[in-house]
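Trainee: I would like to learn how to read the packing of helices and the pairing of strands in a model. Could we work through an example together, one feature at a time?

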Amino acid sequence: MILKRTRTLFLTCLLAAWGSSLVGQTPGVADLLNAIRLDTLHSLLRQLTGEEAVMVNDNIATIHSRYFTEPGNELAFQFIKEKMEGYGWDVEVFPFGTGNGKNLICRLPSSTGQAKEVMLGAHYDNMPPGADAPGADDNATGCSALLEVARVLANEDFPFSMTLAFWDEEELGLIGSTQYANYLLANDLALAAYLNLDMLGWDGNGDNQVEVQLRPEAMSAQLASKAVWADSIFDIGLEVVVKLPGVANSDHGPFWANGFTAISLSESYFTDFNPHYHSITDELVHINLPYFEKLTKLALAIFLEFGYEITGATPTVFMPEFQGKLQVFPNPASGISVVFFEGEMKGLNWRLVSGVSGQIALEGSTDLPTFNLDLTGLPAGVYHLICWNENAVMGHQKILKH
Ligand SMILES: [Zn+2]
């Protein structure tokens, strides 16, 4: 993460655990989550922070710092690349810039060659400058989570394409991810969703809170809804706090900037900031391993659940219709959902209509780009939210109350 002085105003949505009466678990996902191993994660953290030697190009070496000018940056890249190849993933080196900046883009070979792609990413470079920079939380955690996900998924086949991306030069201004997101847009390449992992191991106050950074780009609200949903249904034991609008100070930012669906998952930047951030004391000893394991499981669950949802592989999972720049979060929901638009809306009228009876369940008007929809007293079922102003219907979305 890059620390910025300017603070974005944000709206915090604290979301209680959901019931699971209406939608069942996606088959197989729970087993894959159970395959995540804490000892593997711990070992990866030790290797990426220099506490344990690594084998790279058949030589024993130690990664003392992953700062972009340090030899450990290249070592970490090679270490990750060889790990991914060892797990059987196809790897592509994506060089950029005039220096030695390079991303590693890894794909799971699919027997069905699916087009819809979901990407999970983390940066491997770190701070501070100098020969001693363990960067345990920032961002050996994100890289270790990706490598453990890669191991768990290695022999699986999915109806969607899975990509794991390791970014370089995030700390210099999101350079690696910006280059890649720009490349996708310039070449008209589709990406269904990007899930970013940056700093997953600090829980100083022990509250098990995690943050999801969300902005109303493409289907990002649906991806954020998956975080809340997955934490509840797989009983992961975290508390998901969604920041809306979220901060764009990690590798999800360039994906938002290019109009892609994206969120970032992390520890609490706002209420429990890691005091070792960007210092040589960002060491493994300060990592809360059980908390880190839970975040890794949550990331994998979001990744898989969203993939299944967009491919329609699980007909029980609800996929809202989407029109215009209208988004609803969370959806499905049982209590309060936030409705928001990209841009300011003056004199907007809205109406929630029951999909069963056709009756108006709720209605109102607003001058603000966001408003709350309180579903608490309504019967479970499908509803249609319609928003219009004096000129036209501005958006329509299906909402599921459970
Ligand atoms: Zn970072």
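**Helix contact and open sheet**

Mentor: Let us begin with a contact in this predicted model, where Thr141, Ala145, Glu148, Val149 and Val152 of helix 4 meet Phe292, Leu295, Thr296, Ala299 and Leu300 of helix 8. The residues of this contact divide into seven nonpolar, two polar and one charged.

Trainee: At what angle do helix 4 and helix 8 pack, and how far apart are their axes?

Mentor: Two packed helices are described by the angle between their axes and by the distance between those axes. Here helix 4, residues 136-153, and helix 8, residues 289-311, pack at an angle of about 55°, and their axes are 10 Å apart. Helix 4 is therefore oblique to helix 8, since angles of 65 to 115 degrees would count as roughly perpendicular and those under 35 as roughly parallel. As for handedness, the crossing in which helix 4 passes helix 8 is right-handed.

Trainee: Turning to the strands, in what order do the three strands of the open sheet lie, and is their pairing parallel or antiparallel?

Mentor: The order is 12-13-16, and the pairing in this open sheet of three strands is antiparallel. At the edges are strand 12, residues 326-329, and strand 16, residues 370-374, each of which pairs on one side only. From one strand to the next, the twist averages 25°.

Trainee: How many bridges join strand 12 to strand 13, and which residue stands opposite Gln327?

Mentor: Four bridges join strand 12 to strand 13, which covers residues 336-341, and the two run antiparallel. Opposite Gln327 stands Phe340, a residue of strand 13.

Terms used
Residues numbered from 1 in each chain as written. Predicted model: local features only at pLDDT ≥ 70, side-chain atom pairs only at ≥ 80, totals over all residues. Axes fitted to C-alpha atoms, helices over the stretch in contact; angles between N-to-C directions. Parallel < 35°, antiparallel > 145°, perpendicular 65-115°, else oblique. Left-handed = near helix turned anticlockwise from the far one by under 90°. Contact = placed C-beta atoms within 7 Å. Nonpolar A, V, L, I, M, F, W, Y, C, P; charged D, E, K, R; others polar. Pairing = 2+ DSSP bridges.
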